[in-house]
Amino acid sequence: MNFLDKLIIPLSPKHIMLLHYMLMLIFSLFIPFISILLSGTFFSVYFKNRGVKENDSNKLRLSKDLMEVVTINKSMGIVLGVLTLLTSILIYMQLLSPGQSQAISYLIASFLLFIIGLVLIYTYFYSLKFSQVFEAIKSFKSDDKVIENEISELQSGSRHLSTTSGKFGFFFLFVSVWFFIAGSTLPIYPDSFSAGSILSVLFSWLVVSRFIQIIFISGAFTGATLLFAFFYWDGGRKFNSEEYKSMVRSFSIRLTFTSIIILPIFLLINLVTLPSDSLSAAVFFYSSAALVLIFLAYHYLYVMIRNQNIKYSLHIFVTVIVVIVAIVIKDQLALTNANEMQTVVMGAKYEEVMQKLTGANKAPKISGEDIYKNICSSCHSFDHKVVGPPYKQTLPKYKGNVDKLVAFILHPTQNNPGYPPMPNPGLNPAQAKAVATYILSEVKKYE
Ligand code: HEC
């Protein structure tokens, strides 16, 4: 790890902010995509089982149509699912400190599970199409017994393949999303998961409540997309039976309705459980915006049903997308706040590296005061709490003992309950001594 750490080039605060914006953008694509894939596959498999059991051709058709809507096409799967997830892992690798590498392992596990799930889900989709072909030639009778046997064998083979690949595809996707949520939750709560086993992380309340939230997001977005894709897009689909049409309609409405009515509860739970370090006015703003938009979606759904006017499905669809984007932004802002300290440290290191690159030998010798102003003051003040405790309170115990303070600055340890550990500012002994002497003399003014 040490070797790897040396390879990492510290990032400037601007660059770090840019990475956070990129994460917002990427998740605004990725989360809708996995949402719709997750619920879509689930309900497709569900309707397929019911359809086979009850010999109900409408359920079988819905099972296939659902997959047609949610898989969009193969290249979409690669761009929206695979590339976005991969890029987000690369970004997290730059943003998080070495102590947070646990989160990266969850994201990588999620990525691998996701690939397996995606392959199975596409297999499922194509075998569903095959089953349709067999449906079409069901009436086909041949005098040749061999051909007939072969066809029926192929048919049961393809049916078996689609059942298995559908179920396993859903399973892998489900677990992948769970790991993804764990990986993206850990960095927001740096203090809550010091050294947990995989199970204790996956089943922790923080991860589970966010996972449930994504499940309801998934239901809401899938329902809204179905309404939009079946009834609005391109003037609405041509249904060959009224019965099927009303089945699709009532299923999509019920799915959207139940999901968006429960979503606010989990949104509030997640807001309340955020650590105080992660909160800011902007986090509250985007949470409230998401809430208001959810009620707006609710309103559109009501108007759509009351007026029998399907054009509102467009409004619902767009509103739900904006809800997802607001939630994504809120989470990224919370992450930015939680990682503030890391950002300051990296920024300071960045300055140092830049100075070396641009000719450190020309730079004048740095005084204790300069070090304090450039590095320490982003987290410390003499008389009030910033990120770290006020010097007025912590320095008295070092009075007359500069070396002990130098030792602390070179290798910070956790001494003050209620504060996160201080990251190593990366000074050399001479610099540490200079700043230690400076703050010890300066603190006298506050006695
Ligand atoms: C990124 C934020 C950050 C930076 C930068 C930072 N500190 Fe700290 N510092 C902390 C935090 C957080 C604590 C509380 C850690 C603890 O004691 O548990 C702390 C604690 C301390 C303490 C109290 C130690 C004790 O024994 O109680 C001293 C002294 C201190 N820092 C000095 C410095 C000096 C000098 C610098 C600049 C070279 C510096 N810090 C830079 C965050 C920071």
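Reader: So α8 and α11, are they roughly parallel or antiparallel to each other?

Author: Keep in mind that this is a predicted model. α8 and α11 pack at an angle of about 150°, and anything over 145 counts as roughly antiparallel, so α8 and α11 are roughly antiparallel to each other.

Reader: How far apart are the axes of α8 and α11? And which hand does the crossing have, left or right?

Author: The two axes are 8 Å apart, and the crossing of α8 and α11 is left-handed.

Reader: Which residues make the contact?

Author: From α8 you have Ile217, Ala220, Phe221, Ala224, Thr225, Leu227, Phe228, Phe231 and Tyr232. α11 brings in Ser313, Leu314, Ile316, Phe317, Val320 and Ile324. By class, that contact has 13 nonpolar, two polar and no charged residues.

Reader: OK, on to the core. Which residues touch the most other members of the largest nonpolar core?

Author: Those are Ala297, Ile316, Val320, Val323 and Ile324, in a core of 87 residues. Helix α8 (residues 205–232) gives this core its largest share, 16 residues.

Reader: What does Ala297 touch?

Author: Leaving out residues up to four places away in sequence, Ala297 touches Ile260, Ile316, Thr319, Val320 and Val323. Another core, of 20 residues, lies apart from the 87-residue one, and Ala348, Cys379, Ala434 and Ile439 are among its members.

Reader: Switching topic: at what angle do α2 and α3 pack?

Author: Helix α2 (residues 13–54) and helix α3 (residues 57–71) pack at about 165°, with axes 7 Å apart. α2 and α3 are therefore roughly antiparallel to each other, and their crossing is left-handed.

Reader: What kinds of residues are in the contact of α2 with α3?

Author: They divide into ten nonpolar, five polar and four charged. On the α2 side they include Phe43, Phe47, Lys48 and Arg50, and on the α3 side Leu62, Leu66 and Met67.

Reader: What about the loop between α2 and α3, which residue has its place there?

Author: Asn55 is in that loop. Its phi is near 50°, a positive value in a residue other than glycine.

Reader: Is Asn55 buried or exposed?

Author: Exposed, because Asn55 has 8 C-beta neighbours inside 10 Å and the cut-off for exposed is 12 or fewer.

Reader: Last one: where is Lys14 found?

Author: Lys14 is in helix α2. Lys14 is exposed too, with 10 other C-beta atoms within 10 Å. From Lys14 to Ile31 is 17 residues in sequence and 25 Å in space, C-alpha to C-alpha.

Technical notes: Residues numbered from 1 in each chain as written. Predicted model: local features only at pLDDT ≥ 70, side-chain atom pairs only at ≥ 80, totals over all residues. Axes fitted to C-alpha atoms, helices over the stretch in contact; angles between N-to-C directions. Helix = DSSP H or I, 4+ residues; strand = E, 2+ residues; numbered from the N terminus. Parallel < 35°, antiparallel > 145°, perpendicular 65-115°, else oblique. Left-handed = near helix turned anticlockwise from the far one by under 90°. Contact = placed C-beta atoms within 7 Å. Nonpolar A, V, L, I, M, F, W, Y, C, P; charged D, E, K, R; others polar. Core = buried A, V, L, I, M, F, W, Y, C linked by C-beta atoms within 7 Å.
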